[in-house]
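Hi everyone, thanks for coming. Let me put the structure up on the screen, and then we can walk through a few spots together.

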Amino acid sequence: MKRLRLLVAAFAAAVVPTIAAAQTGTITGRVTNAQNAQPVATATVNVVGTALRAVTNENGQYRITGVSAGTHQVTASRLGFSTRTVTANLAAGGTATADITLSSSAIQLGGLVATATGNEQRTRELGNSVSTVRADSVNMAAVSNVSQLIQGRAAGVEVLQSSGTSGTGARIRIRGSNSISLSNDPIVFIDGVRVNSNTQSSQLDVAGQDFSRLNDINPEEIENIEVLKGPAASALYGTAAANGVIQITTKRGRAGKTRWNVWSELGSITEPNQYPTNYRQLNAAGTGQCLVSSTCIPGTLQSYNPLEQNSPFRDGSQRTVGLSIGGGTQDIQYFVSGESQRENGIYQNNRLDQVNLRGNLTAQVTRKLNVSLRTGYVSNHAQLPYNDNAVEGFIGGGILGQACNPCSATDVRGGYFSYAKDLRYAFDNSQRVERFTGSLNARFSPLSWLTFNGVAGMDVLNRTDFQDLLPNIFQPANGVPDYVIGYRFVLPALVRNFTANGSGTATFDLTPSLASTTTAGVSFYRDVSQLYSAGGYNLGPGTNSLGSIAERFSIGETTGDIKTLGLLASQQFAWRDKVYLTGSVRGDRNSAFGQDLGFIYYPSLSASWVVAEEPWFPQTSLLSTLRLRAAYGQSGLAPGQRTAKPFFNIISGTIRAGGDEASVPGITTGGAGNVGLKPERSREIEFGADLGVLNDRLGFEITHYDKVSRDALVSRRLAPSLGSSTTQTVNLGRVSNKGWEALVNAHVLETRPLRWDATVTYSTNHNKLLELGEGVDPIIFGIGGDSQRHQEGYALGAYFGVPYTFNDANHDNRIQVAEITLGDTAEFQGTPFPTRESSLNTTLTFFDVLRVSALLDHKGGYKLFNSTEEFRCGVIRNCQAINDRTSPLDLQARALADAAFGVYTGYIEDASFTKLREVSFTLMAPRSMYSRFGLGNLSLTVSGRNLKTWTDYTGLDPEINSGGQTNFNTFDFLGQPPVRYWTARIDLGF
């Protein structure tokens, strides 16, 4: 009997799949462009009401197996095209052909967006806005990192490059700043794996500059970037996503013949900025300085410009060479790429050497299982000068320098402050990075209505910082003793991020008009860091080894380990494939939460209605597409690792017994902890509309968002009598961000001789600190100690200063101390972040031979503290305003208010600007020219970056932030302004 049961089971195992296969079939077809009948590659084709889908190859072909017999709706979609649905009638065991023609569209409803569950969702189904940047729409000759790739191309995404020094990073804000104490940077995913995106990634002390891990990502490897802008879109990402999410998808191979692409770039980097001249008004006797506000008799007005007349700059260079190979069959596709980049900045001790390697493999293992393996490796060596926010730097040395050269017979400074420019090359600050990022993605569809998605991956960063100054380069008269004796510090770091996500999705029709999609999943993320330091002063002659350090040797170690476990669920109902309602919830536990907390839940709800597809909607070319959408969601930010838990610091103590001394270890309180500490929570409501006009040749996206962050972490003072630390972190604050976003995408002309496309973005942000906490005084900080504040009723990091007025009462064209009147108290002066942004990105193509593109970028409604000029006038006293008696009265007044009363308000200036960010010219060889040699494409591109700035700001450049990528500290103090790039690039494909 047992043997009979085994035989029956074996027969069923063999026969039932055969019967099931006989009841299913295959749908194949080709997707083409309606304008030119050319194939549309990478379009996504899916069978409506099922989880079955395919991606077209380079010939526009697709194949979907395992489709149940019957009549099906087949939909094709791709960003830049209108979605199209056709009908396919499939017989059991047969094959149906469904060819689909797509029309280009300026309204972006045809794309797919990756979700936190590992699925892809059609843009038309989303209740929130998502900005998508396709790398193939950007001229790569004009960009060299991810920050530049995003800049000016996504409404509501603010990218501020803090310095023009090669290798430094940018500060990114999406829909304003949410947190008072925690980072306001978005989180970044590459192919479903969360990666280290720290914009302040070093332990070096190089004044206001810093490295960014975003610069490790090679734009040449990127397929597209999706920006989820706030909690309404990122709720399923949970406790990390309140600042937004940047999702990067790397390139993959396409089925078809092997395609080789080779590119090479050569470029120049120049310093186009005009630097201020140093002045010194001598008295009539030539024995001392005679300021404008003084009563002395002026004599000779000395002037000298070290940065112009004894320049430290050189013409930098850029060299890049890269190769990619992609191809495969219908079942296996591969993509392999490598690139080597070298950039020599405008200083001799500023360079960047980077090698990027990538290998991606996608395999249809079985009819039901698809697996993708994606790996990336980067080796990076960067060197920074000691510059920005430093009198020892080149900019500081020149701007704070002398008005003469030489100023005496023994003067060898060359007009520079403190010591000669060549000595500043002696500072060696460098970083070496070896980084591996890998992910394994699997999609298993055991049934046509059921799909399981899984992703597991890691991001491993091995980083070492070096800071060196050899001894005996400086003489005692030229610097403090530490410079004379030299120093060396070595600071290694190992940072590892691990991601593991899994989910299941069931898709089926409840009725012929109502479809249901149910998803449940689990997410795990771990961030492990180990940071070390060793170094000291007084190096032995002729060496820079740690073993030769003679004094103040120190070592240190810092470790961190933060884990997050998330459970998530989502339910969507789609009515007639036109109205979509989606609800979801995520619950998180995080190791940094207070010990009394369990799971924290983040709900979301969204609705989308494609109104234009309703049968009653007027079918006119004037308004060809209309979609209404709305979304609500919550997400969070976790406290730092040791914020919730009490901890102690180890110290060394000395005991005496019987006249003998001995060193023993001891402890002191490091942090009071807060066992009830919760994550910061942000809730956001957004609503908007997408409109297509003139048969979708014009596309409009309009969005309004209202975001409030509560339980913001604030450091509150504790009573000294407690015998603990002096402060404790508490959930007290509330922050608001509101604004509008608009995007206009236009196919202005579509003719064979000329094609003209243009995209305009516009966004606003109104940031306000609603509540700081009862009994908590305004938090005052900034350069000078008090230039910025977190104060209720104002934007985070707002500038404050004492107002003043002036009046040239005696009409002698000189402002005296008595002619300045001060206000009673410091008043709000403005916000350090732009409150409005706009951009124009346009491309013209002539006869498919010449393509011209440009990016115009505007930021406005904000202020910048011109601390450079304030320090020159108030402390060094070498600026024109206090030495030249022909200086404008307002400049005299602000200088005197600062010098006499310490009132710097006049230097908090309007920093609004418009910048010609990019211009490129691409010459494309006619197909008849290169096809005879078996080539697929051949082009030459010449591009420029940072070509022109229009602004009323009197400092060097309104984009400078000498505080680097810090959270809120914003000021212009001896910073390197953006430099100009010109690049020539050749692309060859075969």
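Let's start at cysteine 404, which is buried, with a relative accessible area of 17%. By buried I mean under 20% relative accessible area, while exposed is over 50% and partly exposed is in between, using a 1.4 Å probe and protein chains only. Its partner is cysteine 407: the two form a disulfide with sulfur atoms 1.8 Å apart. A disulfide here is a pair of cysteine sulfur atoms within 2.5 Å. Cysteine 407 is partly exposed, at 35%. The torsion about this S-S bond is about 110°, so the disulfide of cysteine 404 and cysteine 407 is right-handed.

Before going on, a word on the model: it is predicted, so local features need pLDDT of at least 70 and side-chain atom pairs count only at pLDDT 80 or more, whereas totals for chains, interfaces and linings use all residues. Residues are numbered from 1 along each chain as its sequence is written, and side-chain values use heavy atoms, with hydrogens and water left out.

How many disulfides does the structure hold? There are 3. Counting bonded cysteines along the chain, they follow the pattern 1-2, 3-4, 5-6.

Cysteine 290 pairs with cysteine 296, and their sulfur atoms are 1.8 Å apart. Here the torsion is about 115°, so this disulfide is right-handed. Cysteine 290 counts as buried because its relative accessibility is 0%, but cysteine 296 is partly exposed at 26%.

Next come cysteine 873 and cysteine 879, with sulfur atoms 2.0 Å apart. Their link is right-handed, with 120° about the S-S bond. Are these two cysteines buried or exposed? Cysteine 873 is buried, at 1%, and cysteine 879 is buried too, at 0%.

Now please turn to asparagine 387. You'll find it in the loop between strand S24 (369–384) and helix H5 (394–399). Helices (H or I, at least four residues) and strands (E, at least two) are DSSP runs, numbered from the N terminus. Asparagine 387 counts as buried, with 0% relative accessibility.

What surrounds asparagine 387? Leaving aside neighbours within four places in sequence, its contacts (heavy atoms within 4.5 Å) include Val206, Gly208, Phe394 and Gln976. Glutamine 976 is 589 residues away along the chain, yet the two C-alpha atoms are separated by 7.4 Å. Tyrosine 347 is also in contact with asparagine 387, and a polar contact of 3.1 Å joins their side chains. A polar contact is a pair of N or O atoms within 3.5 Å; within protein, one must be able to donate a hydrogen and the other to accept it, and residues adjacent in sequence count only if both atoms are side-chain atoms.
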